[in-house]
Amino acid sequence: MEKIFKLKENGTTVRTEIVAGLTTFMTMAYIIALNPNLLTGFGAEGQNLWNGVFLATCIASAIAMFAMAFLANKPFCLAPGMGLNSFFAIVVANIAGITGMSYVESFQAALVIILIEGLVFIVLSVLNIREKIVEAIPLGVRLGIAPAIGLMLMNIGLGSNAGVYSENGGPFFVMRDFFGALTAASASDTMGSGYSQMVLQVVTMFVGLFVIVLLAKMAVKGAVLIGMLAASVIYWIGSFAFLGTNPFVSLASASFLPPFGDMVDTTLFKFNFQGFMSISWFTIITLVITFCMIDMFDTIGTLVGTASRAGMVDKQGRMPNMKEALLADAIGTVTGACTGTSTVTTFVESASGVEAGGRTGLTALTCGVLFLACIFIAPIAAIIPAAATSAALIYVGVLMLMGLKNVNFDDMDQMVPVALMLIAMPISSSIGHAIGLGLISYTVIKVFSGKAKEVSVLTYVISALFLVKFFLIV
């Protein structure tokens, strides 16, 4: 272990890395079920396809994390990206509408787009072009990425991570519907029977958060993981005592046998090249560029932001082994296309493992092994309540805000792009779009303040590409 991951050099231990990997896994395990739900209309397109995407999610994520562990020796974990998977589902539906193919055939045609994207990224990573793009991002923008991600994590934790449904509809969210209500009575009227569950989620979330904070202040190792487990226990007890439901009931009928046959039939190397060629070339080029830009800057933002928080960057904001980390991301995307899922990218939830002490690839390796294990134990991972993961996301988000102390708020060139990213990232839920807005604003300010020569050529090019993306590409 020491020879492979250089644990002493990175100031960590095997135990710390394993705890960090388990912590990251628990904060991102939701993707294992959510990704196939999103890509198949929550099972509407058939159980066979759902099973294929489920296995692809576990396998592609694990392989990407193994690549991150052994190529880059970084604690960053990967899985099919949120936002990108929703966009992929929309693309599949559009292909079906345009060509008249079935959803499964359109799904297999869209996988060709993901394959092309991944191969392009492998070439760009090997040629160091993606690394040069990272270096082209101005220091001020880089410094603002981590705090902006922090706000997005808090928004996920307090907003969209724990929605509640009831006879009055839904989803109802903590910030909008619970804290957004003037009185508890009005919230109860709005949510109906979902109000009791909402109260339990809020209690669970903040008990978990305060346990994490108190343990962290006492320098307890694995504070985030312990807090999440404490929150889970609160939720399970509350489910029995106040909601009259059994949170473990799903385990009774759960199947622990991996549906490999369904994967072979629907997604494994099932590239529909003929269907792909029936799409117009303009549409194909547009889709490839769109997937590439969103994935590239989501990944860059996550790597730079999380590495900054962990002290893994130099004074210029550059991270060692960035090329290898980006290559691992590209390998994950190609693997995802071959197994049957949308773009695999570095997850912002990796910050929870970094905060738990993860500093090497052993963290990513641990998380990857757990993802593979979920092929057999997915039902167990599913009983961890969303409110418990919210507690970890909120805590990590607060910590990442500390990066604002490095931003020079007396310098408008730094302050304005950072301020725009801080608001754009949680609202848009896109790291890439927020970085694009920050780069555009930085470029405009420099040009119109007579400092155009201070902007690199690559920054101009990236800003122009984002303008095209925002205004011309749907």
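Helix α21 covers residues 412–428, and in this predicted model its end C-alpha atoms lie 23 Å apart.

The N-terminal end of α21 is capped by D411. A side-chain oxygen of D411 lies 3.0 Å from the backbone nitrogen of D413. D413 is itself buried, and the buried residues of α21 also include Q414, P417, V418, M421, L422, A424, M425 and P426. Just after the helix, S429 takes a positive phi of about 60 degrees.

I turn now to two loop residues. N128 is not a glycine, yet its phi is positive, at about 65 degrees. N128 sits in the loop that joins α6 (103–126) to α7 (129–136). Is N128 buried, partly exposed or exposed? Its relative accessibility is 28%, so N128 counts as partly exposed, given that the partly exposed class lies between under 20% for buried and over 50% for exposed.

The other loop residue is F269, located between α14 (260–266) and α15 (273–277). F269 has a positive phi near 55 degrees, again in a residue other than glycine. With a relative accessibility of 55%, F269 counts as exposed.

Let us next consider a pair of helices. Two packed helices are described by the angle between their axes and the distance between the axes. The axes of α4 (residues 47–72) and α17 (residues 322–339) come within 8 Å and cross at roughly 160 degrees. That angle makes α4 roughly antiparallel to α17, because angles over 145 degrees are placed in that class. The crossing of α4 and α17 is right-handed. Which residues make the contact? On the α4 side they are G52, A56, I59, A60, I63, A64, A67, M68, L71 and A72. On the α17 side they are E324, A325, L327, A328, I331, G332, T335, G336 and T339.

T24 belongs to helix α2, residues 14–28, and is buried with a relative accessible area of 0%. Leaving aside residues up to four places away in sequence, T24 touches C77, E349, S350, S352, G353, T363 and C367.

A110 belongs to helix α6 and, at 1% relative accessibility, counts as buried. With residues up to four places away in sequence again set aside, A110 touches F88, V92 and I95. The C-alpha atoms of A110 and D295 are separated by 16 Å, and these residues are 185 residues apart along the chain.

Finally, A387 is part of helix α20, residues 386–400. A387 counts as buried at 1% relative accessibility.

Conventions: Residues are numbered from 1 along each chain as its sequence is written. This is a predicted model: local features need pLDDT of at least 70, side-chain atom pairs count only at pLDDT 80 or more; totals for chains, interfaces and linings use all residues. Side-chain values use heavy atoms; hydrogens and water are left out. Helices (H or I, at least four residues) and strands (E, at least two) are DSSP runs, numbered from the N terminus. The expected span of a helix is 1.5 Å times one less than its number of residues. Buried means under 20% relative accessible area, exposed over 50%, partly exposed in between (1.4 Å probe, protein chains only). A polar contact is a pair of N or O atoms within 3.5 Å; within protein, one must be able to donate a hydrogen and the other to accept it, and residues adjacent in sequence count only if both atoms are side-chain atoms. Axes are lines fitted to C-alpha atoms, for helices over the stretch in contact, and angles run from 0 to 180 degrees between N-to-C directions. Angles under 35 degrees count as roughly parallel, over 145 as roughly antiparallel, 65 to 115 as roughly perpendicular and the rest as oblique. A crossing is left-handed if the near helix is turned anticlockwise from the far one by less than a right angle, and right-handed if clockwise. Contact means heavy atoms within 4.5 Å.
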